[in-house]
Amino acid sequence: MKFSIEDPPVVNEGPPGPSSRIAAVDGLRAVALLLILIVNIAFFASGYPFHLVPDPAHDSWGDQAILWLVELLFTMKAYLLFSFLFGYSFTLQLDSAARRGVDFTPRFRRRLAGLFVLGILHAVLLFQGDILTTYALLGLVLLAMRRVAVGTALRAAVLLTAGIGFVLALAAVGGTQLVTDPATALAAGQRSTEALQGGVGSVITEHVRQLPAMVGTLLVQGPLALSAFLFGYAAGRRRLLTDVVGNRQLLRRVQQLGYPIGLAGAVIFASGGGTANLTGLTAGVLTAPLLAAAYAATLLRFFQTNRGRRVVAVLAPAGRMSLSNYLGQSLLCVLVFTGVGLGLAGTVAPAVVLVIAVAIYGAQLAASAAWMARFRYGPMEWLLRAWTEQRWPQLRAADPA
């Protein structure tokens, strides 16, 4: 699930200029917001996905087809795109601090501490599948590696991905089952769904109860996120996203490699039961980074076209306040699906859940455009920056930097 929390306000990486680079990166981040919402909303709509079993109330072929497509195209890909952007923006923050003569390390540590606290609150109050706490912890590793060469970062990223894939493959060969008792898992899914249909206390209690189970998920998700951090770090050091036109050949190669291999692995992943099956999960771990990279390359090339620039103009405000939107998505899903609001958990078919996701995203695009027309930062970005800088930064867009 995430991404660059915020870019520094001043970036200068050379041609074709900072504004075009920031627009493209924010456009990528905004697309990642939509993809992560499509994946995460299923965990608000029903209590069964957290127990790795499908909701028996929605098991028609149409329901299964939609869930299969989400697994195929988005699961394990969306948060890797966010993670890549986190690593990329880390290099921008390093460069910005160096130009201004600011001691980067204590500032970044404060930022990570603030992110960790936000993640804990998010996990308890809104969504136990939070990724912010993981990003905060992995950010310390990225900070420790801030002086490594690009080649070293790339090798470490590949080894991390291969290593977790190897461990999962061994477990699969050894016959390990992630769902050892489907009947028990289904009963647990029903209890979780009923808890989500309750009030504030019931929802928070369910979130807290599920937190220990998230540790196992993070044993896979964490190394992959760190790998994506390092790929983003390498891309930032090489200024890959600054000169998209000059890197067209590289981006084309990423597409040519990423789509066939990534989609083949995604078919195995989705057809094998997604994250509930170790064989499919192994295929997903090894190939999802390639498919996510192909998505990013395709979007970056599209953003250079006339139509793409118009699309970026619509998307970029949401990308600029991605932390606020990420947390806002969880809040809106809580209000729609849990007993805190409409209480629709367990009652909405996957097709309708997707429509709700698109509606939420559309509302966020409109709200983000209105907000960023008046202010320099999103509300949560502003609070995080205030904590990081230990001062209240200027908020209104008309204020001097």
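User: What is the handedness of the crossing of H3 and H5, and what does that label rest on?

Analyst: In this predicted model, the crossing of H3 and H5 is right-handed. The label applies if the near helix is turned clockwise from the far one by less than a right angle.

User: Which residues make the contact of H3 with H5, and how do they divide by class?

Analyst: On the H3 side they are Tyr 79, Phe 82, Ser 83, Phe 86, Gly 87 and Phe 90, which meet Tyr 135, Leu 142 and Leu 143 of H5. The contact holds 7 nonpolar residues, 2 polar and no charged.

User: What makes H4 roughly antiparallel to H5?

Analyst: H4 (residues 104-125) packs with H5 at an angle of about 160 degrees, the axes being 7 Å apart. Angles over 145 degrees count as roughly antiparallel, so H4 is roughly antiparallel to H5. Their crossing is left-handed.

User: What is the class make-up of the contact of H4 with H5, and which residues take part?

Analyst: From H4, the residues include Phe 104, Phe 108, Arg 109, Leu 112 and Phe 116; among their partners in H5 are Leu 132, Tyr 135, Ala 136 and Leu 143. The contact has 13 nonpolar, 4 polar and 1 charged residues. Arg 109 of H4 is in the contact, and arginine counts as charged.

User: How does the span of H13 compare with what its residue count predicts?

Analyst: H13 (residues 350-372) has 23 residues, which should span 33 Å at 1.5 Å a residue; the end C-alpha atoms lie 32 Å apart, so the two agree. Among the buried residues of H13 are Val 353, Ile 356, Ile 360, Tyr 361 and Leu 365.

User: Why are H6 and H10 described as roughly antiparallel?

Analyst: The axes of H6 (residues 150-173) and H10 cross at roughly 165 degrees and come within 8 Å. The cut-off is an angle over 145 degrees, and H6 and H10 are therefore roughly antiparallel to each other. The crossing is left-handed. Thr 161, Gly 165 and Leu 168 are among the H6 residues in the contact, and Leu 281, Val 285 and Pro 289 are among those of H10. By class, this contact of H6 with H10 divides into 11 nonpolar, 4 polar and no charged residues.

User: Why does Gly 284 count as buried?

Analyst: Gly 284 is found in H10 (residues 278-303). Its relative accessibility is 4%; the limit for a buried residue is under 20%, so Gly 284 counts as buried. Gly 284 touches Met 76, Gly 265, Phe 269 and Pro 289, leaving aside residues up to four places away in sequence.

User: Why are Ala 276 and Leu 52 called partly exposed?

Analyst: Buried means under 20% and exposed over 50%, with partly exposed in between. Ala 276, at 23%, is therefore partly exposed, and so is Leu 52, at 30%. Ala 276 lies in the loop between H9 and H10, whereas Leu 52 is in the loop between H1 and H2. Ala 276 touches Leu 52, Leu 178 and Val 179, not counting residues up to four places away in sequence. The C-alpha atoms of Ala 276 and Val 179 are separated by 6.7 Å, though the two residues are 97 residues apart along the chain.

Conventions: Residues are numbered from 1 along each chain as its sequence is written. This is a predicted model: local features need pLDDT of at least 70, side-chain atom pairs count only at pLDDT 80 or more; totals for chains, interfaces and linings use all residues. Side-chain values use heavy atoms; hydrogens and water are left out. Helices (H or I, at least four residues) and strands (E, at least two) are DSSP runs, numbered from the N terminus. Contact means heavy atoms within 4.5 Å. Buried means under 20% relative accessible area, exposed over 50%, partly exposed in between (1.4 Å probe, protein chains only). Axes are lines fitted to C-alpha atoms, for helices over the stretch in contact, and angles run from 0 to 180 degrees between N-to-C directions. Angles under 35 degrees count as roughly parallel, over 145 as roughly antiparallel, 65 to 115 as roughly perpendicular and the rest as oblique. The expected span of a helix is 1.5 Å times one less than its number of residues.
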